[in-house]
Amino acid sequence: MTKTYAEINEKIKKGDAVVVTAEEMVKIVEEKGTKIAAEEIDVVTTGTFGPMCSSGAFLNFGHSDPPIKFEHLSLNDVKSYHGNAAVDCYIGCTRMADIRPFEYGGGHVIEELVSGKSVRLKGTSFTTDCYPLAEIDTEFTIDDLNQAILCNPRNAYQRYVCAVNSSDKTLYTYMGKLLPHFGNANYAGAGSLSPLSNDPEYETIGIGTRIFLGGGIGYIMGEGTQHSPSNRFGTIFVKGDLKQMKPEYLRGVTYEKYGTSMFVGIGIPIPILNEGLAKKTAISDEQLLTDVVDYGIPRRDRPKLRQVSYKELKGGFIKLNGKKIKCSSMSSLHGAHKVAETLKKWIQDGKFYLNPPAETLPMDTIFKPMRMSAEMKFVKDLKKNAEICYEDCDIKIVAEIIINKNTNHIVITDREHILKGIVTSFDITKAIAQDKSDLKDIITKKVITTSDNEPISNAARRMKINNISALPVIDDNKKVVGIITSEELM
Amino acid sequence: MTIINITLPFGMIKDLDDYSAIVNEILKHEISFNILKFSTSSSGITMLLDIPDEKIETITESLKKNNVIVNKKGRVIIDQEKCIDCGACTSLCPTDALSTDSEFKLVFSEEKCMGCLLCLDSCPRHAIEENF
């Protein structure tokens with residue numbers, strides 16, 4: 001049996017449409033089977049409410065008198081992009097305020113606008129004959145704007161990974177706070193409620209699809225950036241009238257030591273046009289899998305440790321290496337549920353109709369890595385030979401090596417060249433000042449190290465964070481194979 | 001119960017008697033308390049103690065007399081207005097004081113919180129604060 005969009009819309013108009021959420025659909029199909037479910041159910045609503053960094057809004061302020069053509073402008077001290085006509089701008093949610101970065105950003109500005117709060121606009125211009133005003137400092141609310149259009153180039157990831165951290169330090173990432181030694185796990189995505197997971201071949205989703213966006217009505221403009229359908233990481237590009245939206249579904253957020261972003265609520269209605277769609281929308285958390293990825297490795301291709309289902313993730317624990325680790329959702333499952341329920345109510349109340357897309361989302365795009373024209377340098381390319389002393393060496397000999405070899409760092413090892421510590425010229429000076437004569441008393445035993453295949457930029461960042469000027473290079477067995485100092489990085 | 005953070009500065013404890021003296025100082029007030037955390041570092045010994053509210057003044061006073069550094073410490077509180085129920089904090093909580101209910105709404109149990117404050121910087125909405 002098949003249905004058309006027109007038939008479904010006719011039922012919505014009469015108030016007869018049967019609408020359920022994607023979570024309810026799982027149970028319905030389980031009980032009645034896909035054939036009956038396809039006959040009975042007209043629309044399945046989906047929802048997600050999570051941090052979506054590729055979000056922002058186009059604003060138009062109208063003209064000042066005398067007119068200004070912005071060269072630079074900021075909203076509540078958050079710089080916004082100005083590369084269009086005189087008084088248009090784009091405020092992006094990850095741009096941080098100049099005066100309180102990591103605390104307030106573009107997402108917060110959008111939340112305040114949608115809440116009806118006043119926002120401060122400061123702008124400057126190089127002035128032209130037609131736009132003579134050089135500077136402006138004013139306050140406005142969303143009602144003062146001609147257009148406020150939420151326009152997000154990448155939203156509603158079909159699924160996302162589950163992040164863990166194998167390193168020995170707490171990491172602060174866009175996937176939240178990750179404790180060392182696999183201390184916790186963070187995941188994102190709404191599982192069985194996830195919009196794109198309910199129609200993974202995009203039979204009903206594409207350009208022009210009317211959706212729930214930020215508490216108002218929005219539209220899909222096409223595939224999102226980094227859309228990667230083959231491995232089920234599809235994304236959508238969306239827009240909608242910010243003036244209709246609600247702060248409840250657009251929230252500015254800050255991730256410690258990462259930066260700002262914005263939670264966006266998105267729901268896509270899936271029309272049950274045929275039995276196939278009934279089957280697709282019945283996908284459960286158990287069937288939806290994602291990868292557990294080690295964010296302890298700071299490279300593009302991070303190791304995938306295992307596959308995990310959203311059922312396991314939503315249970316609050318995942319198993320890894322035989323241990324149970326607590327896991328958190330980065331997106332709000334409660335919010336996702338509310339989005340799907342609200343969209344369901346809109347359709348039931350005859351306030352929201354479904355439409356076929358002008359063109360469905362592509363199934364063949366691939367997500368390529370960045371082309372890097374300059375060759376990446378690794379530690380092995382820049383390291384030099386380490387000056388090595390054994391633990392029982394006389395301090396005087398260490399001091400002589402420092403002078404003769406014109407170096408500041410002596411790596412201390414055992415007879416097999418296994419790393420035991422490091423001594424700097426400063427440590428020697430200090431030893432003399434404090435009358436210490438035993439090398440063992442002045443060795444720094446907890447040494448921060450690097451390895452041959454680490455990119456230079458990562459090693460440099462570690463030196464900067466730890467405020468040190470050299471890293472011994474070690475192999476897998478902790479054997480010293482060189483040293484890299486800040487001098488090589490200059 | 002109130003949590004206090006006490007530090008016995010490095011060098012203060014040279015032998016077991018020094019340690020006993022301080023413990024006896026607390027015990028003479030005839031109270032029971034919980035040691036939530038015990039750690040040693042180069043600055044000395046640090047302990048998180050959970051102490052009955054009515055005894056807090058006397059104990060703080062007598063500890064300070066013995067050169068112990070006492071800082072009042074908070075459990076956390078959740079600002080429900082700011083919270084968006086993401087649950088990012090839950091995996092950091094070692095005692096399940098922060099968890100989500102069957103509808104994935106955040107639930108906070110004050111009794112379970114031991115003031116480790118691991119969750120404090122995990123909240124994207126700054127909805128978690130230390131409550132002194």
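Reader: Among contacts in chain B between residues at least 6 apart in sequence, what share joins residues at least 24 apart?

Author: The share is 68%. Two residues are in contact if their C-beta atoms, placed from the backbone, lie within 7 Å. In chain A, residues 24 or more positions apart account for 68% of the contacts with a separation of 6 or more. This is a predicted model, in which local features need pLDDT of at least 70, side-chain atom pairs count only at pLDDT 80 or more, and totals for chains, interfaces and linings use all residues. Residues are numbered from 1 along each chain as its sequence is written, while chains are lettered from A and ligands numbered from 1 in the order in which they are written.

Reader: What makes a run of residues a helix or a strand, and how many of them are there in chain B?

Author: Helices (H or I, at least four residues) and strands (E, at least two) are DSSP runs, numbered from the N terminus. By that rule there are 2 helices and 8 strands in chain B, in the order β-α-β-β-α-β-β-β-β-β. Chain A has 11 helices and 31 strands.

Reader: Why is the span of helix α1 of chain B called close to the one expected?

Author: The expected span is 1.5 Å times one less than the number of residues. Helix α1 (residues 16–27) of chain B has 12 residues and reaches 16 Å from its first C-alpha to its last, against an expected 16 Å.

Reader: Why is α1(B) called hardly covered?

Author: A residue is buried if 20 or more other C-beta atoms lie within 10 Å of its own, exposed if 12 or fewer, and partly exposed in between, with C-beta atoms placed from the backbone. The count of buried residues among the 12 of α1(B) is 0. Over chain B, 24% of the 132 residues count as buried; for the 490 residues of chain A the figure is 43%.

Reader: What makes a set of residues a nonpolar core, and which residues touch the most other members of the largest one?

Author: A nonpolar core is a set of buried Ala, Val, Leu, Ile, Met, Phe, Trp, Tyr and Cys residues joined through C-beta atoms within 7 Å. The largest has 122 residues, and those touching the most other members are Met25(A), Ile41(A), Val43(A), Ile110(A), Cys162(A), Ala163(A) and Ile272(A). Helix α2 (residues 22–40) of chain A gives this core its largest share, 7 residues. Leaving aside neighbours within four places in sequence, the contacts of Ile41(A) include Val18(A), Met25(A) and Ile272(A). Another core, of 22 residues, lies apart, with Ile395(A) and Ile484(A) among them.

Reader: How do you know where the domains of chain A lie?

Author: Domain bounds come from an automatic or database domain assignment. Chain A is divided into domain 1 (5–52 + 151–360), domain 2 (62–145) and domain 3 (379–489). In chain A, the centres of domain 1 and domain 2, taken over C-alpha atoms, are 32 Å apart. Between these two domains, 15 residues of domain 1 are in contact with 15 residues of domain 2.

Reader: How many residues of chain A and chain B are in contact, and what classes do those of chain A belong to?

Author: There are 24 residues of chain A in contact with 17 residues of chain B. The residues on the side of chain A divide into 9 nonpolar, 11 polar and 4 charged. Ala, Val, Leu, Ile, Met, Phe, Trp, Tyr, Cys and Pro count as nonpolar, Asp, Glu, Lys and Arg as charged, and the others, Gly among them, as polar.
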